[in-house]
Each structure stands twice: as structure tokens, then as C-alpha cells.
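Dear colleague,

Please find below the structure that I am handing over to you. I would be grateful if you could read the notes that follow with the model open beside them.

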Amino acid sequence: MQFSTWSELKSELDRMASDINSQGLIFRGVKYHGYRLTPLLQRFFLEKKIPVDEWIPRERASINFFMEKILETPTLPTPPTWDVLGWLSFMQHYDVPTRLTDWTTSPLVALFFAYNLNPSPLEDAALWCLNPEAFKEVFCLPSPNISDEDLLRDENELLKMVIKKQISLPLPFTKWNPKEKRIAHQEGKFVAMGVLGEHTLSIDDWLTEDAGALEKMIIVEQGNIPKSNRWMGPGRVFIDRQGRPITLLQQSDLFISKTLLPQSWKGEALDYLKSRGVEGQRLLPRSQKLEEIADKTITFMLAPEALVSHQAPIFE
């Protein structure tokens, strides 16, 4: 979706804020229009020239390191020890590289990060919108009659499955542990990638004009879908409910969209956000202890010790 003026976009933002049909969508603001939606962990390892076969061992060792340091500080809010998603989202919000990308249920929060993090007077930004339910239906059909904790447990099992089976579909999450203030204030949601690598697909490839690489069928064994009557997993990914292959080029607008944010709108946009109470001080509350643990985790992730450290047991 594109807009000709800031006033048009502002009207749409106001409409979405009051439209119940917009609830359920998630948003991500990026500071450069050409910015790829790849996880920070992938960009970090590529920049540091870490061999691909070391990525998963270093990732898991860093999760274990972060958990241990956080649990040594009982005053800090922590997810349950079994909650992979909770720990990854905790790390992600303090800039520790993970396989997650940050999204939010608030288009205003996404707009803030798109414009506030853009230092260039020449580069346009972008606002992404993703439909989690469209992606989730490719994996499974969640029942509405399910408790938050059961849904969180099932989503954790689904996350571990897509990592283990190296599935290249983006996986949005419905639930997360909201104890951490930064996540709660940003109305944070997350999207995970099961596959990491130099030439793997990124989320924005779903909007590509050349969808050939996305047309291939990816097999998901029925037995690897969480075993409960809460999920009904399809035998194949990229088929519709009638069993017909989905042509992603024709269906991409059901999954994801991208809006250009011209640099010339930045001043008006930030004034508008300030009037709505969307400011950095609230969205990014500081925690010196958490920031110290995050910095130590990043250092450890690159150290030789990460390759001999015991792996995070929550992935088992």
C-alpha cells in the first residue's frame, strides 16, 4: 500500500488504530527502504565472518550463557525456563543477535523506529505489515479455544520443529512472555526463521516479483506438528485447505505488504507520534544490568569458548 501525502498515511494510521479488523496485523519499521528483513543473528555472523557450521552451536551457547547470567540476578523478570521464545525475545530486545525479527502490534511504534533510527536526510524509510494468521495457517490451524499458556507451549514446540527441520517459512508468534517492560511498551511481537545462512530466503522475499524460489513444496512430517487436538497440521506447506498448491506471487498480498516512508514526512510524523505519546523514553526504558549482560553475551558468542560450552537444553 502506498500513499501520496503524509495526510493520507496519517488518516490510515488513525483508521487502523480504531478498526478492529486491523487488530491481528503486525508491523515493522525499517530505517532504509531497501533494508532486508533478515535476522540480526544472520547479519552479525556474516559481518564477523563466522563459518556457517558454527552458527547454531554459537547461537545455542549464547542462549545458555544469557539465561545463566539473568537467573543469577533474581530481581530481573524472567520467562519460564522452558520458554525458548521468551528467552529469545528477551535477548532480541537488548540487541543480542537472535534468529528473531522485531515486530509490533502498533503501526505507530513501527513508524517511530522507521523514522527515529534513520539518520540520513536522503534515505527513505519503510513500514512493513504482516498478517500472522496467513502464515500460521500454512503451518497449522490454531483453535480459538485454547489458554494462553497452552498456546505459548505449542508455539515453542513449533519453533523448535522449524529449526530442527530447517524450514524456510517465516514463523510469526501469537504469544510471548510480556514481563519485560521494553517488550510490553513496544507491544512487541516476533517472527522467527527456521533457516539461517548466507543465501537463505528473507521475509521480504515473499513480496518479490520472482517467486519461483518460493514455489517449491516443503514437506513437513505430520508427526512433527505439536501432538494435541489444538493443532491440525497440514501434510505439506504451500498448499491451501483444498490441497491445491498456492502460487505465492498471486497470494503475496495476503501475507505481507510494504509502504514507502519518504524522508520529507519525517518531521510531521515524529510530531504526530509525540502527540500520541509514542516517544523513545517510554519505548526504550533502560536497564543497566540487562545491558551489561547483553554486552557480555555478544562477546561470549564470538569467543572460542562458545564452541565448547554446553548447549541450551531448552531446544531439546
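The model is predicted, so local features are given only where pLDDT is at least 70 and side-chain atom pairs only at pLDDT 80 or more, while totals for chains, interfaces and linings use all residues. Residues are numbered from 1 along each chain as its sequence is written, and side-chain values use heavy atoms, with hydrogens and water left out.

**The chain as a whole**

The protein chain has 12 helices and eight strands; these are DSSP runs numbered from the N terminus (helices H or I of at least four residues, strands E of at least two). Of its 316 residues, 52% count as buried. Here buried means under 20% relative accessible area, exposed means over 50%, and partly exposed lies in between, with a 1.4 Å probe and protein chains only. Among contacts between residues at least 6 apart in sequence, 77% join residues at least 24 apart, a contact being heavy atoms within 4.5 Å.

**Packing of helix α2**

Helix α2 (residues 40–47) packs with helix α12 (residues 288–302) at an angle of about 50 degrees, and their axes are 12 Å apart. The axes are lines fitted to C-alpha atoms, for helices over the stretch in contact, and angles run from 0 to 180 degrees between N-to-C directions. This angle makes α2 oblique to α12. On the scale used, angles under 35 degrees are roughly parallel, over 145 roughly antiparallel, 65 to 115 roughly perpendicular, and the rest oblique. Leu41, Phe44 and Phe45 of α2 make the contact with Ile298, Met301 and Leu302 of α12. By class, the residues of this contact are six nonpolar, no polar and no charged. Nonpolar covers Ala, Val, Leu, Ile, Met, Phe, Trp, Tyr, Cys and Pro, charged covers Asp, Glu, Lys and Arg, and the others, Gly among them, are polar.

Helix α2 also packs with α3, at an angle of about 120 degrees and with the axes 12 Å apart. These two helices are therefore oblique to each other, and α2 passes α3 in a right-handed crossing. From α2, Leu41, Gln42, Phe45 and Leu46 meet Trp55, Arg58 and Glu59 in α3. This contact has four nonpolar, one polar and two charged residues.

**Salt bridges**

Side chains of opposite charge can pair when their charged atoms come close. A search of the whole structure finds eight salt bridges, each defined as a side-chain nitrogen of Lys or Arg within 4 Å of a carboxyl oxygen of Asp or Glu.

One of them joins Arg99 and Glu59, with the closest N and O atoms 2.8 Å apart. Arg99 lies in the loop between α4 (84–92) and β2 (100–104) and Glu59 in helix α3 (residues 55–71), so the pair ties together parts that are 40 residues apart in sequence. Both Arg99 and Glu59 are buried. Glu59 is also among the α3 residues that meet α2.

Asp14 and Lys10 form another salt bridge (3.3 Å, N to O). These two residues are four apart in helix α1 (residues 6–18), which means that they are separated by about one helical turn. Asp14 is partly exposed at 29% relative accessibility, and Lys10 is partly exposed at 31%.

Arg286 pairs with Glu291, the closest N and O atoms being 2.5 Å apart. Arg286 is exposed, at 66% relative accessibility. Salt bridges that share partners join Lys10, Asp14 and Arg276 into one network.

**Single residues**

Which residues have a positive phi although they are not glycines? Lys49 is one, with a phi of about 60 degrees; Lys49 is placed in the loop between α2 and α3 and is exposed, with a relative accessible area of 71%. Glu187 is another, with a phi of about 50 degrees. Glu187 is found in the loop between α8 (181–185) and β5 (188–193) and is partly exposed, at 36%.

Finally, Gly86 lies in helix α4 and is buried, with a relative accessible area of 3%. The C-alpha atoms of Gly86 and Leu152 are separated by 9.2 Å, with the two residues 66 apart along the chain.

With kind regards

Terms used
Left-handed = near helix turned anticlockwise from the far one by under 90°.
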